[in-house]
Amino acid sequence: MNGYLAVLEWSPARLAKMSGQSKATISRITSYDTERNPYYRPELRTIQAIAQALELTLEQRRELFYTAFPEFYVWDEAAEHGYTVDETNDLLHGRGLPLLTSDK
């Protein structure tokens with residue numbers, strides 16, 4: 001996301017204002033460090049608000065969502081290959097990502 005801010009010459013504070021998100025939330029995302037805080041995950045609505053504020057293309061939005069939620073990438077790849085839910089869960093488990101859950 002920092003690359004998008006640099007291209008637009010926006011500060012994190014401006015992104016916060018334009019996206020309607022708090023400065024703290026944007027700071028957490030722009031300085032995200034998986035080694036120090038592997039459990040932080042922004043909300044879907046936060047990433048959507050940021051994508052809209054930045055006026056990202058479909059491909060750029062997909063990249064942003066895949067970065068924030070790597071399981072989305074696995075879901076898409078599994079769907080393209082015709083994997084079952086169990087096969088998809090095996091892939092997710094192998095990568096330490098959240099599994100698809102049962103509707104029951």
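Colleague: Is Gln-52 buried or exposed?
Modeller: In this predicted model, Gln-52 has a relative accessible area of 53%. A residue is called exposed when that area is over 50%, and Gln-52 therefore counts as exposed.

Colleague: In which helix does Gln-52 lie, and how many Å is it from Ser-19, C-alpha to C-alpha?
Modeller: Gln-52 belongs to helix H4. Along the sequence, Gln-52 and Ser-19 stand 33 residues apart, whereas in space the distance from C-alpha to C-alpha is 7.3 Å.

Colleague: What pattern does the protein follow when it is read along the sequence?
Modeller: The protein has seven helices and zero strands, and its C-alpha trace spans about 45 × 30 × 25 Å along the principal axes. Read from one end of the sequence to the other, the pattern is α-α-α-α-α-α-α.

Colleague: What percentage of the residues in the protein is buried?
Modeller: The count covers the 104 residues in the protein, and a residue is taken as buried when its relative accessible area is under 20%. On that basis, the buried share is 31%.

Colleague: With which residues is Leu-64 in contact, leaving aside its neighbours within four places in sequence?
Modeller: Leu-64 is one of the core residues that touch the most other members. Once its neighbours within four places in sequence are set aside, the residues in contact with Leu-64 are Met-1, Ile-47, Ile-50, Ala-51 and Leu-56.

Colleague: Are H4 and H5 roughly parallel or roughly antiparallel to each other?
Modeller: The axes of H4 and H5 come within 10 Å and cross at roughly 150°, and the crossing is right-handed. Leu-44, Ile-47, Gln-48, Ile-50 and Ala-51 on the H4 side meet Arg-61, Leu-64, Phe-65 and Ala-68 on the H5 side. Because an angle over 145 degrees falls in that class, H4 and H5 are described as roughly antiparallel.

Colleague: At about what angle do H2 and H3 pack?
Modeller: H2 passes H3 in a right-handed crossing, in which Pro-12, Ala-13, Leu-15, Ala-16 and Ser-19 of H2 make the contact with Lys-23, Ile-26 and Thr-30 of H3. The two axes are 9 Å apart, and the packing angle is about 125°.

Colleague: Which residues are in contact with Thr-30, leaving aside its neighbours within four places in sequence?
Modeller: Thr-30 lies in helix H3 and, at 17% relative accessibility, counts as buried. When its neighbours within four places in sequence are left out, the residues in contact with Thr-30 are Met-1, Asn-2, Leu-5 and Pro-12.

Colleague: How many Å apart are the closest N and O atoms in the salt bridge that Glu-71 forms with Arg-41?
Modeller: The structure holds two salt bridges, and one of them is formed by Glu-71 with Arg-41. Glu-71 lies in helix H6 (residues 70–81) and Arg-41 in the loop between helix H3 (23–30) and helix H4 (44–54), so the pair ties together parts that are 30 residues apart in sequence. Glu-71 is buried, at a relative accessible area of 4%, whereas Arg-41 is partly exposed, at 37% relative accessibility. In this bridge the closest N and O atoms are separated by 2.5 Å.

Colleague: Which residue forms a salt bridge with Arg-62?
Modeller: Arg-62 is partly exposed, with a relative accessible area of 32%, and its closest N and O atom pair in the bridge is 3.4 Å apart. The two partners sit three residues apart in helix H5 (residues 58–68), which means that about one helical turn separates them. The partner is exposed, with a relative accessible area of 52%, and this residue is Glu-59.

Methods
Residues are numbered from 1 along each chain as its sequence is written. This is a predicted model: local features need pLDDT of at least 70, side-chain atom pairs count only at pLDDT 80 or more; totals for chains, interfaces and linings use all residues. Side-chain values use heavy atoms; hydrogens and water are left out. A salt bridge is a side-chain nitrogen of Lys or Arg within 4 Å of a carboxyl oxygen of Asp or Glu. Helices (H or I, at least four residues) and strands (E, at least two) are DSSP runs, numbered from the N terminus. Buried means under 20% relative accessible area, exposed over 50%, partly exposed in between (1.4 Å probe, protein chains only). A nonpolar core is a set of buried Ala, Val, Leu, Ile, Met, Phe, Trp, Tyr and Cys residues joined through side-chain atoms within 4.5 Å. Contact means heavy atoms within 4.5 Å. Axes are lines fitted to C-alpha atoms, for helices over the stretch in contact, and angles run from 0 to 180 degrees between N-to-C directions. Angles under 35 degrees count as roughly parallel, over 145 as roughly antiparallel, 65 to 115 as roughly perpendicular and the rest as oblique. A crossing is left-handed if the near helix is turned anticlockwise from the far one by less than a right angle, and right-handed if clockwise.
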